[in-house]
Every structure is written in C-alpha cells, then in structure tokens.
There are 2 protein chains.
Amino acid sequence: MGVKELPLVQVTGVECCAPLALEPLAEADAEVLSERFAALGDPVRLRLVSLLANAGAVCVCDLTEPVGRSQGTVSHHLKVLSKAGLVTSEKRGRNIWYSIVPSALESLRAALVTR
Amino acid sequence: MGVKELPLVQVTGVECCAPLALEPLAEADAEVLSERFAALGDPVRLRLVSLLANAGAVCVCDLTEPVGRSQGTVSHHLKVLSKAGLVTSEKRGRNIWYSIVPSALESLRAALVTR
C-alpha cells in the first residue's frame, strides 16, 4: 500500500529574535498528566492499553494470553491504569471487562503536540 | 511455489461480533516506548517537554525560571529526557541548548490512538 507524502509546511512566522513563548503546561495539569504518563511507563501496561485502545471492551480473561502474563499480574496492571484514569471496568456476570477512556488518551496526545 | 503477497488490509472489525484482534504492541516496541512514557512521568519533565515542544531550541539557562527549579535540577531532568531520546542538546558557546525530538513525540502519540 502506497503512502502518500503530504508536503510539510514549515511554520515560518518567526521574525528575527522572536521572544520565546516560554509557557509550560500549568503545574496542576502537569501533575495529572504526568501520573498518566507514569502509568504507561511499563511495557506490559502499555501493551494492555494498546490492546484495549484497539479492541473496545475486553474481558480480563482475554487479556492474559496476548501479553503473556498471569491473571494476577494483568489485574494488578489494570488497577494501576484504572487509578490513573486511563481505563474503566465493568462487571458482566462473573467477569470484569475493561475499556479504554478515550478522553484520557486524548489528553496525553494533546500534551505531545509539537509546534 | 511462489509466494503471493497479499495486500495490506486495514482490520476494521466493524461487523457484528467481529472477533477481537487482540494484537498488542510488539514487546520490543513496548520496551522502548514505555521508557519514553516513564520519562514523562514527572511533572517537571513534562513541563520541560511542553516548553521545548512549543519553543524550538532553548538555552538551558532559559528553562529554569519557567519551571521554577534550579539549574541543577533542570539539567538532571533534561538528562533523563535525553537518555529516553525525547530531547537532543547542542553546545552553543558556553551554553547548552535543548530541542525536542519530534519523531520521538510522534511515536508516543501514535501509541495512544484509539480505534
């Protein structure tokens, strides 16, 4: 499949010696977002998020095999992700189903935009 | 016997009850990306990244005031970001200037796309 390259548009509006707009993220936002990023700072959790982001709601029983970890380990990682607000869970019958929180992932994507 | 190449087809799985394509990120990718996410798991580092993402190259001497930390602390955090491949540095005269690595941020954004 061919990939069409779009022309890169250089943002040029920078006059000589334009003062830098040194406005970082607000501290309160940085606190919340950095906790979410920290939760993704583990390969198993990141793989779980990638699964859920692509698959919708998934029973915890179907998450162990793709990441090659025990149900106990997977449940622990899902709790960390849940605490960070990245996933939600719902009890269906005897199983717990997990879903991604799209707005949480979007908040992280937005923090990674470059000028 | 020749090998017939099949066209790459986007798996959209929108039919009723489509089986879940439980294909997480490859382990090797998850290792690299989770290290980058972990580097962002600190509010000061996240604020430094947001500054650099918006400002282009910035002298380390101009990064202390916006995040309200000493130069030593800022330098430490920049080293962590540099080790994770998120920023690069360049010596100009007596100062070190830091820039974001746009492709690294893009790799993180791509890992956060929801279906």
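This is a predicted model: local features need pLDDT of at least 70, side-chain atom pairs count only at pLDDT 80 or more; totals for chains, interfaces and linings use all residues.
Q: What makes up the secondary structure of chain A, and in which pattern along the sequence?
A: Chain A has five helices and three strands. Reading along the sequence gives the pattern α-α-β-α-α-β-β-α.

Q: How do you know how the two copies are related?
A: Chain A can be laid on chain B by a turn of 180° with a shift of 0.0 Å along the axis, and the RMSD is then 0.0 Å. The two copies are therefore related as by a two-fold rotation axis. The same surface serves both of them, with 97% of the contact residues of chain A recurring in chain B.

Q: How many residues of each chain are in contact with the other chain?
A: Contact means C-beta atoms within 7 Å. On that basis, 38 residues of chain A are in contact with 39 residues of chain B. Four helices of chain A each supply at least two residues of the side that touches chain B: helix 1 (27-39), helix 2 (43-55), helix 3 (64-67) and helix 5 (102-110). Helix 2 of chain A gives the most to that side, with eight residues. By class, the side of chain A that touches chain B has 26 nonpolar, five polar and seven charged residues.

Q: Why are strand 1 and strand 2 of chain A at the edges of the sheet?
A: The three strands of chain A form an open sheet in the order 1-3-2, with antiparallel pairing. Strand 1 (58-59) and strand 2 (87-92) each have a single partner strand, so one side of each is left without a neighbour in the sheet.

Q: How do you know that strand 2 and strand 3 of chain A pair?
A: Pairing takes at least two bridges between two strands. Strand 2 of chain A and strand 3 (residues 95-100) of chain A have six bridges, in the antiparallel sense. Within this pairing, A:Asn95 in strand 3 is the bridge partner of A:Arg92.

Q: Which helices of chain A pack on this sheet?
A: Helix 2 of chain A lies across strand 1, strand 2 and strand 3 of chain A, and runs at about 85° to strand 3. Helix 4 (residues 71-83) of chain A also packs on the sheet, where it touches strand 2 and strand 3 of chain A. The direction of helix 4 makes about 120° with that of strand 2 of chain A.

Q: Where does a residue with a positive phi sit in the hairpin of strand 2 and strand 3 of chain B?
A: Two residues lie between the strands of this hairpin, and B:Gly93 takes a positive phi near 65°.

Q: Why is B:Leu105 called buried?
A: Being buried takes 20 or more other C-beta atoms within 10 Å. B:Leu105 has 22 C-beta neighbours inside 10 Å, so B:Leu105 counts as buried. This residue lies in helix 5 (residues 102-110) of chain B. Leaving out residues up to four places away in sequence, B:Leu105 touches A:Leu112, A:Thr114, B:Ala53, B:Leu86 and B:Ile100.

Q: Why does A:Leu51 count as buried?
A: A:Leu51 has 22 C-beta neighbours inside 10 Å, and therefore counts as buried. A:Leu51 lies in helix 2 of chain A. A:Leu63 is twelve residues away from A:Leu51 in sequence, and their C-alpha atoms are 8.2 Å apart. Across the 115 residues in chain A, buried residues make up 35%.

Q: Which residues have the most contacts inside the largest nonpolar core?
A: This core has 60 residues, and those with the most contacts inside it are A:Val49, A:Leu52, A:Leu86, B:Leu48, B:Val49, B:Leu52 and B:Leu86. Not counting residues up to four places away in sequence, A:Val49 touches A:Leu40, A:Leu81, A:Leu86 and A:Ile100.

Terms used. Residues are numbered from 1 along each chain as its sequence is written. Chains are lettered from A and ligands numbered from 1 in the order in which they are written. Copies are superposed by least squares on the C-alpha atoms of residues with pLDDT of at least 70 in both. Two residues are in contact if their C-beta atoms, placed from the backbone, lie within 7 Å. Ala, Val, Leu, Ile, Met, Phe, Trp, Tyr, Cys and Pro count as nonpolar, Asp, Glu, Lys and Arg as charged, and the others, Gly among them, as polar. Axes are lines fitted to C-alpha atoms, for helices over the stretch in contact, and angles run from 0 to 180 degrees between N-to-C directions. A nonpolar core is a set of buried Ala, Val, Leu, Ile, Met, Phe, Trp, Tyr and Cys residues joined through C-beta atoms within 7 Å. A residue is buried if 20 or more other C-beta atoms lie within 10 Å of its own, exposed if 12 or fewer, and partly exposed in between; C-beta atoms are placed from the backbone.
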